[in-house]
Amino acid sequence: MTIQTVGIIGAGTMGNGIAQACAVSGVNVVMIDVAQAAVDKGLATVSGSLDRLIKKEKLTAEQKAAALALIKGSTNYDDLKGAQLVIEAATENHALKLKILKQVDELVAPEVIIASNTSSISITQLAAATSRADRFIGMHFFNPVPMMALVELIRGYLTSDATHDAVKALAEKLGKSPITVKNAPGFVVNRILVPMINEAFFVLSEGIATAEDIDAGMKLGCNQPIGPLALADMIGLDVCLAVMEVYLEQFGDSKYRPCPLLKEMVAAGQLGRKTGRGVYTY
């Protein structure tokens, strides 16, 4: 199957980023959200992102116009019917994702592939909510989508080779470097990354070093572009906590217990950049 049109459910950070990556690569996009205001905001975000690429001379004004012309924003799920692939990029909420996936499954043709951009929920479990487990796959993009090369392709228990190959071909068309992953909590990157962030909170809470020195140590000693605590602020402390809680529940291993300091900061509403204060103040 050649994927010429991609439907995206969710016009937020991940959804509009995926839309931009597709459109810049010449792929038609239908971007859906529940409210027109959310759709408009998503389209404005893409436009602003493309403007920054123009300033950096990585894109021309003509290329921006061509990309924007390929994105259709809508609040009507019926507009997804022309897509060969529909990517669910809604909030990381299990019940919400199941509701969306069931709705899409009933709407689009049987041959259409459905993907989820989930970062932690079982692809096999999500696929079971549809009538097409063989044509269901995880397609985990990384933020910011237009800049990040990696896409994790997560195969559920019943994902077919044809589905995997079609989605891999699309990812490569978008200029991404996909890796293939078996279904497991956290997949590959977050399985390693989020426990590392959690451990940084333990080091901070034990007073072993300041936040600044912990981050400097990992940047200078491990060649990381950003320290784990600053990265937690960027991701959102609530998101980091939620992922650790999923690991603890699904693995049943105490090594995944969330750091009490992380839990306290989330309880206090200090979630990172999005609230103006996390480990650091913004």
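## Cysteines, a histidine and a surface patch

Cysteine 240 lies in helix H10, which spans residues 237-251; helices here (H or I, at least four residues) and strands (E, at least two) are DSSP runs numbered from the N terminus. Keep in mind that this is a predicted model, where local features need pLDDT of at least 70, side-chain atom pairs count only at pLDDT 80 or more, and totals for chains, interfaces and linings use all residues. Residues are numbered from 1 along each chain as its sequence is written, and side-chain values use heavy atoms, with hydrogens and water left out.

Now the sulfurs. A disulfide is a covalent bond between the sulfur atoms of two cysteines. With the working cut-off (a pair of cysteine sulfur atoms within 2.5 Å), the count is 0 disulfides. Cysteine 240 is in none, and its nearest cysteine sulfur belongs to cysteine 259, 12 Å away. Seen from the other end, cysteine 259 has its closest cysteine sulfur in cysteine 240, and at 12 Å that is too far for a bond.

What does cysteine 240 touch, leaving aside neighbours within four places in sequence? Its contacts (heavy atoms within 4.5 Å) are Val194, Ile197, Ala232, Ile235 and Leu262. Proline 258 sits 18 residues from cysteine 240 in sequence, with 8.9 Å between their C-alpha atoms.

Histidine 164 is found in helix H6, residues 161-173. Not counting residues up to four places away in sequence, histidine 164 touches Ile137, Leu153, Arg155, Thr159 and Thr180.

For accessibility, buried means under 20% relative accessible area, exposed means over 50%, and partly exposed is in between (1.4 Å probe, protein chains only).

| Residue | Relative accessible area | Class |
|---|---|---|
| Cysteine 240 | 2% | buried |
| Cysteine 259 | 0% | buried |
| Histidine 164 | 7% | buried |
| Isoleucine 179 | 32% | partly exposed |

Isoleucine 179 belongs to strand S8, residues 177-182. Together with Val188 and Ile192, Ile179 makes a nonpolar surface patch of about 240 Å². Patch members have over 30% relative accessible area and no salt bridge, with nonpolar side chains (Val, Leu, Ile, Met, Phe, Trp, Tyr) joined within 5 Å and like charges within 9 Å. A salt bridge, in turn, is a side-chain nitrogen of Lys or Arg within 4 Å of a carboxyl oxygen of Asp or Glu. The areas come from the Shrake-Rupley method with a 1.4 Å probe, and for residues only the protein chains shown count as cover.

Zooming out, the chain is assigned domain 1 (3-180) and domain 2 (190-273), with bounds from an automatic or database domain assignment. Their centres, taken over C-alpha atoms, are 28 Å apart.
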